[in-house]
Amino acid sequence: MKKLLLTTAAAAALALAFASAPSRAAQWDGADDLPTSPLACGTGANPAPAAKPYDGGKAVNAPNLAGKEITVVDIPKLIGIGYFNATSKGIQEAAKELGNVKATTDGPTEAKIDEQIKFIDNYITRGVNGILFAANDPVAIAPVLKKALSKGIHVIGYDANSTPDAREWFVNQAQFNGIAKSMMDSMAKEIGEDGSFAIVTSTFTTPNQARWIAEMHAYADKCHPKMKWLETVEAQEDNVMSFNQATTLINKYGDKLKGIFGMTSVATPASAEAVSKAKLCGKVAVVGLATPNAMKPYVHSDCVKSVVLWNPVDLGYAAMEVMRAVVDGKLKAGDTEVTAGKLGKLQVVNGSEILLGAPFVFDKGNIDKFDF
Amino acid sequence: MNRYLKRHETILAAILVLALIGLGYLNDQFLTFDNLLNQGRLMTEIGLIALPMTFVIVTGGIDLSVGAIVGLCAIVLGVSWKNWGLPLPLAIVVALGVGALAGFCNGLVITRLKAPPLIVTIATLALYRGLAEGISKARSVRGYPDWFYELGQGQALGVPTQLWILGLCIVIAGVALDRTSFGRTLYAIGANETAARFSALAVDRVKLIVYTLSGLMSGLSAFVLVSRVTTTRSDMGLGYELDVIAAVVLGGASIFGGSGTIWGTVIGLVMIQLLKNGLALTGVKGDATIMVIGVVLIASVLIASSLERRRE
């Protein structure tokens, strides 16, 4: 028995050592460690990004299907949530307009990378002409996408990127530094230049959120140096968990907490709900990424002033248009823009990315014009 | 001969063959050499853990922490190489060691405190997953050298590398369970633990070995998984325990202990993997596939048990 107690104590000590070992990181928790490129402060002009040569991959010996009917499968991070239903809707809209595309959406019911890999693998075996994807992990998804390219299947990403050489193009809903700037500027406007804030994210490893947080940190250091980051908490895109985490933040920091960032379309409304329930509307600001429908009640009750997002239907639409343009040979390495149906001309940035546009800030004045 | 035909494994194998023929008939990409080998690659990680899980379940226990151990070992592998500066081969050994240690701790608590394995491993599931997230600080590790991917993505003699390892492990586990006194002891413990103790069998020591094996194989599975997907994340292996247990139980092992074979587990494993793949290739969508799998699981267990009852 004594031996057991000793073992347990040793194990506990070990666990503690592990848990406390990571020294206070210079980074905000939940940020990744890739290089950042914060935009200019305020409304200052941004330097034009340096033109980068095409760095995407290439489908090997892809059959020439210009103008012919193609089969395209869309494999988002997961299926059955509002956001990816909206992108899927956009893909269908574009397919219908084009008239020569058969598009289906399929994918895992949970955002798990190994499940997603299996889905892509199966569709490669089945034989499709094109794959649209939103990656659960940028590196882990790369081998299977390269396999698709090697079999002559066109691969286009949207929403969440892979490593560039594993796909041909990536439709970027909004550049990370653009979102970060909108978020930090909106927060600074609401809580002042010396306010303290906390962040509710999905998990520390989710690529988009990690990128945004890293860029927010870089932009805050540059343009809002006195604002203070308190903590980042994980809530896994889960409603109840997000609400609980936000409530914990409110209780833990009390008056010190002036604002909460919601990094996911689940965390933002849940944080707003937590602030409303705590009767702190006006005292604790909520700024975040969210779909307008979920935020309408809080925006109308003045609890939330700004919601940052892009239009996911347009995102899916653009991805499908880009796929068709690639198959038809209308978008080639080195091009600087592409025509995407009703969206008009979209700009190529960053070597092999297509930019959907600047992020959109919803507020009381415009939110009722949107329904998704 | 007749007795042999009515065994659960035989019936299950027959159902598997029927399902294969059916799915092969429905689409012509399914029964190709390439596809089947590829599916073998994808099922290796679950398969490696299903073998020791069969041992655990035969003794009447359960190990729910295997998925968390996969996550922990993957993280230890990545972090000890990248952040602690160990050479990669040593990091692999360390990861396997951590897996074995994690399993050993499970076994220790289960045998010394006489706590139910279900409760102990639910607790360690949370503990190990938490450790994985703490150690990794939730960052992923990437950029392994090319030779490291050989195991997960390469092939030897035309067969995916990891499938050789799985095959070897299956043979060893099969012989160990069926032909050795160690295997007999497992059945004895599962059938009646008290009787086993009175028969002077080293019940606690054998259990300790079995849970340690379970941890070690989870570590091996983590190594294969990291090599296949080229990256390390703390959420790796999430939910593996359910896939593993489903394969073992479908293979005829009784959750109350005392029965189950490696062959049954292998058939159960292959059946679930090929059904998922076959349905996907036939055009059944992701959410529907899960439902069909559930129905098939229930149906095959029902058929098998009703046939068995008739025999009795």
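A:I131 stands opposite A:V155 in β4(A). In this predicted model, local features need pLDDT of at least 70 and side-chain atom pairs count only at pLDDT 80 or more, while totals for chains, interfaces and linings use all residues. Residues are numbered from 1 along each chain as its sequence is written, and chains are lettered from A and ligands numbered from 1 in the order in which they are written.

Strand β3 (residues 130–133) of chain A and β4(A) pair in the parallel sense, with 4 bridges between them; two strands pair if DSSP finds at least two bridges between them. Strands and helices are DSSP runs numbered from the N terminus, a strand (E) having at least two residues and a helix (H or I) at least four.

Strand β4 covers residues 154–158 of chain A, and 5 of its 5 residues are buried. A residue is buried if 20 or more other C-beta atoms lie within 10 Å of its own, exposed if 12 or fewer, and partly exposed in between, with C-beta atoms placed from the backbone. Both faces of β4(A) are covered: on one side A:H154, A:I156 and A:Y158 are buried, and on the other A:V155 and A:G157.

## The six-stranded sheet of chain A

Chain A holds an open sheet of 6 strands with mixed pairing, in the order β7-β6-β8-β9-β10-β14. Its edge strands, each pairing on one side only, are β7 (228–234) and β14 (360–362). From one strand to the next, the twist averages 20°.

Within this order, strand β9 (residues 285–289) and strand β10 (residues 306–309) of chain A run parallel and are joined by 3 bridges. A:L289 has A:V308 in β10(A) as its bridge partner.

## Two hairpins in chain A

Strand β11 (residues 337–339) and strand β12 (residues 345–349) of chain A pair in the antiparallel sense over 3 bridges. The hairpin of β11(A) and β12(A) has 5 residues between the strands, and in it A:G341 takes a positive phi near 45°.

β12(A) is also joined by 3 bridges to strand β13 (residues 353–355) of chain A, and these two run antiparallel. Here the bridge partner of A:V349 is A:E353 in β13(A). This hairpin has 3 residues between the strands, and A:N350 takes a positive phi near 60°.

## Helices α2 and α10 of chain A

Two packed helices are described by the angle between their axes and the distance between the axes. Helix α2 (residues 82–98) and helix α10 (residues 312–327) of chain A pack at an angle of about 45°, with their axes 6 Å apart. α2(A) is therefore oblique to α10(A). Axes are lines fitted to C-alpha atoms, for helices over the stretch in contact, and angles run from 0 to 180 degrees between N-to-C directions. Angles under 35 degrees count as roughly parallel, over 145 as roughly antiparallel, 65 to 115 as roughly perpendicular and the rest as oblique.

The crossing of α2(A) and α10(A) is right-handed; a crossing is right-handed if the near helix is turned clockwise from the far one by less than a right angle, and left-handed if anticlockwise. Residues making the contact include A:Y83, A:I91 and A:L98 of α2(A) and A:P312, A:Y317 and A:R324 of α10(A). Two residues are in contact if their C-beta atoms, placed from the backbone, lie within 7 Å. By class, this contact has 12 nonpolar, 4 polar and 5 charged residues. Ala, Val, Leu, Ile, Met, Phe, Trp, Tyr, Cys and Pro count as nonpolar, Asp, Glu, Lys and Arg as charged, and the others, Gly among them, as polar.

## Helices α3 and α8 of chain B

Helix α3 (residues 33–58) and helix α8 (residues 161–179) of chain B pack at an angle of about 20°, with their axes 9 Å apart. α3(B) and α8(B) are therefore roughly parallel to each other, and their crossing is left-handed.

Among the residues that meet are B:G40, B:L48 and B:F55 in α3(B) and B:Q162, B:C169 and B:L177 in α8(B). The contact of α3(B) with α8(B) has 9 nonpolar, 4 polar and 1 charged residues.

## Residue B:L250

B:L250 belongs to helix α12 (residues 240–250) of chain B. B:L250 is buried, with 22 other C-beta atoms within 10 Å. Not counting residues up to four places away in sequence, B:L250 touches B:G268, B:M271, B:I272, B:L297, B:S300 and B:V301.

## Contact between the chains

In all, 34 residues of chain A are in contact with 30 residues of chain B. On the side of chain A that touches chain B, α1 (2–20), α3 (113–126) and α4 (142–150) of chain A each supply at least two residues. The largest share, 9 residues, comes from α3(A). By class, this side of chain A has 17 nonpolar, 9 polar and 8 charged residues.
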